[in-house]
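Visitor: I am new here and would like to know what the terms mean. Could you walk me through them?

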Amino acid sequence: MGFDDDKNNETPETQHNMGKTPIAEESGDEHETTLSRHMSESSIAVTEDDDDDVDKKIELGPQVTLKEQLEKDKDDESLRRWKEQLLGSVDMNSVGETLEPEVKILSLSIKSEGRDDIVLPVPETGDPKGLWFTLKEGSRYRLMFTFQVGHNIVSGLKYTNTVWKTGIKVDSTKEMVGTFSPQAEPYTHEMPEETTPSGLFARGTYSAKTKFVDDDNKVYLDINYTFDIRREWL
């Protein structure tokens with residue numbers, strides 16, 4: 001949501017995943033076999049040495065599902081261990097037969113010291129109705145999202161949030177959440193601490209738009225909602 005005046009001068013910490021550990025990005029030098037996944041064009045970098053090859057079309061190997069990848073060479077113990085190190089702990093019951101990952105944003109929690117967490121379920125369809133929540137002016141808080149990943153690996157999951165008051169944009173936040181393998185247990189991601197503004201002009205009703213997208217710009221959540229900043233918590 002983002003109201004810290006100093007946050008633009010700081011680098012937000014990412015990967016605060018309180019579920020199982022996200023996928024470690026490790027090289028598989030000991031094996032020439034690599035796991036294929038859908039690659040975005042932005043993930044392919046061109047260096048000065050490759051200038052002569054810019055016009056050449058890069059041909060990727062055939063894409064296969066994560067389940068097929070895990071079943072390949074399953075009798076090769078060293079390759080199996082390498083895949084486990086690369087993918088982390090994968091719940092086979094959460095692995096589907098599709099190339100596309102499924103990400104469900106389950107809830108938003110507002111955490112403020114000395115108060116019980118405010119847990120807000122995220123609607124499966126549509127936007128939250130009416131006023132979604134209220135923050136106290138000048139209060140310090142953290143947002144925590146709970147989400148679930150299924151079918152396939154989601155790469156480069158990103159969170160963006162934009163806030164307006166009386167039609168004027170007052171805040172914009174972007175944060176890399178990470179790369180996650182499918183599992184039955186939900187993941188959690190906690191945002192850096194922020195402080196709500198205070199004073200007469202800070203109080204009132206705000207509108208906001210929150211999105212979660214991946215490296216391929218696939219949108220998993222896109223909601224609009226309203227919230228208040230008041231003298232006291234409700």
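**Terms and what they rest on**

Guide: Buried residues, those under 20% relative accessible area with a 1.4 Å probe and protein chains only, make up 39% of the 234 residues in the chain. This is a predicted model, where local features need pLDDT of at least 70 and side-chain atom pairs count only at pLDDT 80 or more, while totals for chains, interfaces and linings use all residues. Residues are numbered from 1 along each chain as its sequence is written, and side-chain values use heavy atoms, with hydrogens and water left out.

Visitor: What makes E5 and E6 paired strands?

Guide: Pairing requires that DSSP finds at least two bridges between two strands. Strand E5 (residues 154–165) and E6 have 10 bridges, so they count as a pair, in the antiparallel sense. Thr 160 stands opposite Lys 174 in E6.

Visitor: Which strands form the open sheet, and in what order?

Guide: Five strands form it in the order E3-E10-E9-E5-E6, with mixed pairing. Strands E3 (131–136) and E6 (168–180) each have a single partner strand, so they stand at the edges, and one side of each is left without a neighbour in the sheet.

Note on methods:
Buried means under 20% relative accessible area, exposed over 50%, partly exposed in between (1.4 Å probe, protein chains only). Helices (H or I, at least four residues) and strands (E, at least two) are DSSP runs, numbered from the N terminus.
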